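Dear colleague,

I am passing on the structure below, and I would be grateful if you kept it open while you read the notes that follow it.

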Amino acid sequence: MLTAIGRAGVLGINRRNGDFVMRYNKRSLYPLVDDKLITKKLAQENGIPVPQLFGSLDTPRDIPSLNDLVAQQQSFVVKPSHGSGGDGIVVIDSHRGRRFWTCGGSVLLWAELAHHLENTLGGQYSLGGHPDRVMVEYRVKFDPMFNPVSYLGVPDIRIIVFLGFPVMAMLRLPTRRSGGKANLHQGAVGAGIDIAYGKTVHGVIGNNNTDEHPDTGAAIGGLEVPYWQQMLSIAARCYEMTGLGYLGVDLVLDEHLGPLMLELNARPGLNIQIANAAGLLPRLEYVQQHAEPALLPEDRVAWIQSLVNDRTAGWQSG
Amino acid sequence: MNRRHLYALSALLIASGLSVAIYKHRVLGYPLLPEESASLWSIEGHLTFERHTVGPVKARLKLPHDPPGFRILREDFVSRGYGLTTEIVDDERIAMWAVRRANGQQSLYYRATVYRDRAAGELPAQPPFPEALELEPPFNEALAALLDTVRAESADVATFVSALLKRLSLPAADTNAQLLSTLATDDFERAQLAVTLLTGARIPARVVQVVQLLNSPHTVDARPWLAIHNGNEWLFFDPVSGASGLESNLLLWSWDSAPLYEVDGGIGEKLEIAVSARTEDALSLAERRATARDSAAVQYSLFQLPIPTQAVYEVLLMIPIGAIVIVFMRNFVGVKTFGTFLPVLVALAFRESRLISGVLLFALLVSAGLAVRFYLERLRLLLVPRLAAILTVVVLLMLFFSLLFHRLGIVTGLSVALFPMVIMTMVIERMSIVWDERGPMEAIKGGLGTLVVAMLAYVVMGIDVLEHLVFVFPELLLPLLAGFLLAGRYTGYRLSELARFRALGGPAK
């Protein structure tokens, strides 16, 4: 590699698609992760904790039934089953009668919410405009430990899992600019996480480095993500669950329920490298060359953690 | 394995595409550049004679027969009332006209269209070595002496012949030559004399007749030329100057010195040869040449299609060229666009409307459409009817702009009928969603990316040479296909990623 980022082992889009996504992710398995309803069902069957599904809306006729689905819930989330990048997700903090308060504090009238749901069902947020389904699910009560570093919304954790080995992770923190969404391209803060210990190291907004949260001013580095071992284990198990070799696993931390798997991504983004100030390639290649394929999920996690501690293994340096 | 397969396939595509194209260019002469022209020569032989009483007439005219360095593209004969046969006798092709009852002034025409082709022509077989000959004294002695002098001055047949011809053309320098040259009075006789002298040296030689192809209003005469066989090949010499070779504008008409024409039953016969140069589009020449050869290239040529279909293909064949721009901008540079090949379609629309007005129209339509889309958003319409509504508005906006441009006297606005309205609708819809979801910055970035790539594709698709190449050599799309296959395995960085990840490329670890 002739370029500086090549020496740093940065994985580019072309290489990710050509050498990893296309090679390790069978096309026929995509629906397992592209349709979040399927993912959720699959996770439940495999004992992977997920936010509870209250129900789904399949056609515009089902929209009125939303009221019944959430009658017992104070808060809930509606999201398109085929959405990508957090588009189309509405988080309802509370509702009374025909008024819905979003987590941002604004009021949605029933007609507005119904219109949004109709559009979603019509395919506004799905790739190619295909008709979609709406999931109505439990709104995560995120762990207060992230309060100082989030603005509205739910911070989530993205772990890249290659052949079942968790290789890189980051914490995504919503900001005012991202509108409470945890997507980096919408302005959320990304913080790299030390894969062995679950400690945040360093943050980015967009493509720029940052050490503090832009809205709260709290330091981003040095946070210990609780339940880290469990998160790594969930991520590793998603490999067996889907059969996808190159996978992005999104997790959230619920105050009461602990880590929950939110969604999976067969084409996880590359900004995680900026958040970690490290390229993915050396790690992916290391796994390709040295990993034992037959290991159980827990053993795979342990193997990765042992590598990070063992300076002679040559894991980080590539 | 996979990779080797890909490389083999690409190599095969490149090789087959290029070899067909090279064959068409080299052998059939399809031009590589547009507007290339080739020179064609029209030669007209006009044979006239008279017959004062009614009676039968026979006329014979020698015709060029596989002349070296030329190909005959087409020939025809005009001879009212005459029966015509052509036959090949020895190395000569002869047209024979015959009529039973002719009277008065008679005109027979032979017309040929020829073009230069260095490789063309068939030469007669090697003649036997002539017998030594005896001239009357004192010429015999002069001949022997002259041949001795010339032989001393030359190394091989070619130099021998030109040395001999030089001495004959400047007889003052050599008494033997002077004596011998008294035997000849005109060019034909001089050429014949040279043949006689060469026969004395036992070199096979003959006088042939050539016509100089010059674009002149005057008629031209057949001139004598010398053809000498050196044992390996035929060599040509100017009998007057002694210069060797057959110039590129000399058409060898006959392989002997006998008159080109002969008339039985007429008097005052005369042959006038007129030559005119004609430049023709090299492309149509190649087509006709290929037709004459009955080549598959012409049977499967685009030029066989009806003109309107050709016009469609002229556009369609440029789409892969536009795709090059897309592949380059997206996979190598990393520019974001709405839709994968949408910029190519927009670029095609620009072809109709010209660049500036096309860009203006694009910007106007998209911004007006966006405004309408945001307004419709407030009415809470379902997706498909909303798209239909935007489409209708886009059509109406187009109509409005066309009428406006027309009133303002801007003609270009009217030729935008091909503007892909459905696609514009999709751009507007996608842009408005991106606008809502990711903010105006992202939307405008995507819109500008689309526009820039479309402009670039328009410029590349407008390159005349490329347009000509893919239309005349559609097989060149095979190497292009190979290029796409190879680009599909490009796993290096995109240019935009160098900026995106520059924070990681700091000091090397």
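Helices (H or I, at least four residues) and strands (E, at least two) are DSSP runs numbered from the N terminus, and two strands count as paired if DSSP finds at least two bridges between them. Please bear in mind that this is a predicted model, in which local features need pLDDT of at least 70, side-chain atom pairs count only at pLDDT 80 or more, and totals for chains, interfaces and linings use all residues. Residues are numbered from 1 along each chain as its sequence is written, chains are lettered from A and ligands numbered from 1 in the order in which they are written, and side-chain values use heavy atoms, leaving out hydrogens and water.

In chain B there is an open sheet of 4 strands, paired antiparallel in the order 7-6-5-8. Strand 7 (234-237) and strand 8 (250-254) of chain B each have a single partner strand, so one side of each is left without a neighbour in the sheet. Strand 5 (residues 205-212) of chain B is joined to strand 8 of chain B by 4 bridges, and Gln209(B) stands opposite Ser254(B) in strand 8 of chain B.

Turning to the nonpolar cores, these are sets of buried Ala, Val, Leu, Ile, Met, Phe, Trp, Tyr and Cys residues joined through side-chain atoms within 4.5 Å, where buried means under 20% relative accessible area (1.4 Å probe, protein chains only). The largest nonpolar core has 77 residues, of which Ile159(A), Val167(A), Trp228(A) and Met261(A) touch the most other members. Helix 7 (residues 228-242) of chain A gives the most to this core, with 8 residues. Apart from it lies another core, of 46 residues, including Val333(B) and Leu370(B).

With best wishes

Notes. Buried < 20%, exposed > 50% of the residue type's maximum accessible area, 1.4 Å probe, protein only.
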